[in-house]
Amino acid sequence: MASFYVENFGCRAAQADGAAIEQQFRELGLDRSRSSRQAAIVVLNTCTVTASADQDARSAVRRVRRENPDCEIVVTGCYAQRAPEEIAALPGVSLVVGNSHKHRLAKIALEQRFPPAVSDSPLVTISALNDSDSRLFVSDIFAHTEFLAAPVFDAANERTRPNLKVQDGCDNRCSFCVIPSVRGQSRSLPLDEVLREVNVLVNSGYREVVISGINLGRWGRDLSPDATGRVSRFEALVREILSKTALERLRISSVEPMDWSDELISLMAESPRIAKHAHVPMQSGSDRVLRLMHRKYRPWHYREKIEKIHAAMPTAAIGADVMTGFPGETDADFEETWQMIDDLPLTYLHVFTYSPRPGTPAAAIRDQVPVPIARERTRILRESGEEKKLAFMRSLIGKHVEAITLNSHDGDEADFTEALADNFLKLRLMGRHEANRWFRVCVEKIEGGSLMGVAA
C-alpha cells in the first residue's frame, strides 16, 4: 500500500486538521512516510492569512515536485478553499481539496490513485468554480458543518503537549480577514466529544493539553441549548474539563478580548490546573483603526481586560497579536498602538505587517500604507515585544515556576533538559530528566534566550 506525508502551514487549527487527515490515511491502511521525498501521496495543508502564506504554499509545491516528481501532490486547506483554480494551474498539482471536502480527503486522493482500493462507486467532483476540472473538490464552505477533530503533537516534544482543536470557523467579519470565507461559520466540537478526546489523551499519559480554535472563545454558541434552555459557553467547557477529566494542566489558546469574561479570568486564576498564560489579540491601540477593522472592542475595553488578567495573575504570560500598516493607519494611530503596548503588562507580542487579502473590505480601501513604512512600524513593535519579554524573564530570576519537560535536548552531551514553564517561557532545567514530567523549578539566570533553573 502507498505511503503518505502531510505538511502543515499556519495556525494551530490547521495543524489539528493535518493530524485528522493523517488519521484518515491510517484508517485506510497507509503508512506515514518520514518525509515528502519518499511518499506516494504528499498533502500540503495550506494557510492563506497573508500573501506570504500563499507564496509559501506555492514554493512547497515546486519543492515537492522537484524532490519527488512521481508523487501525487494534494493541496488542501485555506488557500485551496480560496483560490482552487490558481493552485490547480501549478505544475505538479494532482488534486485540490478545499476545506469543504477536507473531511474525506484521503478517500478522494486514494480513489484518484487506486480506484478499486477505496470504493466501488466513484466519488463525484463538486466544484463551485469549475465543474469541468475533475481535480477540484471545492464547494461553498458555509454549506458544510463537518468538524475535523484529532489531537496534534508538536514534532519537537510530541510526548508532552498535544493540541486539541475544539472549535472551527468564525462569525466575526473583521475587514482585513479572509478566514471566515475559507473556514465557514463558527462550529463547536460537542462537549461529550471534547471530554472523550481529553480523557483518551490523559489515559495515554499526557499531562498537559492545549485547546485551540479559530475563535476559541465562541465555543458552544452554535450547540443546542441544554434542558434548562441555557446556551453553552466557553467557561462551561473549561469547568467540565476540570471536573470530568484527570488532566493535570489545561492550556488555553488565543481568546478574543470580548470573551475574557470575569468568570473565565477568575477560573484561570483560582485553578492550579490551568496554565497561567493568556493570549489576547489586540491588532491596534487606535480606536479609529479598530473601527475600520470592524473589531468588536475599543482600546479602553482591551486595556481593562489586560489589567484584570494581570491583577488576577501577576506572573502570567500575557501575549497579543498586533497588526501594523492597516489601510489608513497614520503616524498618530501607530503612536497610540505603541503607547498602549508600552503601558500594558504584556509579556510578548506577535507582530504582523498588514497584507491585502482578495475579497476583503480592507483590500478595497484606497489609503494603503506604503510597505516600507509598515515594515518599519513592525520592526519597532517587535523590538518593544522583545524588551517586554526580557523584562518578564528577568522578573522571574530567584522565583519558582512550574515547568514540564519536553522531548528534546541540545545534543547528546547537554547537561540540561528543555522544558516549558507554566507561563509559556522556555526553560532549561539542569540535569537530564525524562520527558513529560512536571517540576517545580528555581530560576537562576537567563541564557540563550531561555530561563535556566534547578529542580526545587
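Q: Which residues of H12 are buried?

A: Buried means under 20% relative accessible area, exposed over 50% and partly exposed in between, with a 1.4 Å probe and protein chains only. In H12, the buried residues are Pro-299, Tyr-302, Lys-305, Ile-306 and Ile-309. A word on the source: this is a predicted model, where local features need pLDDT of at least 70, side-chain atom pairs count only at pLDDT 80 or more, and totals for chains, interfaces and linings use all residues. Residues are numbered from 1 along each chain as its sequence is written, and side-chain values use heavy atoms, leaving out hydrogens and water.

Q: What covers the buried residues of H12?

A: Contact means heavy atoms within 4.5 Å. The cover includes helices H10, H11 (287–293) and H13 (331–343), along with strands E11 and E12. Helices (H or I, at least four residues) and strands (E, at least two) are DSSP runs, numbered from the N terminus.

Q: Where is Ser-271, and is Ser-271 buried or exposed?

A: Look in the loop between helix H10 (262–270) and E11. Ser-271 counts as buried because its relative accessibility is 10%. Leaving aside residues up to four places away in sequence, Ser-271 touches Leu-242 and Lys-276.
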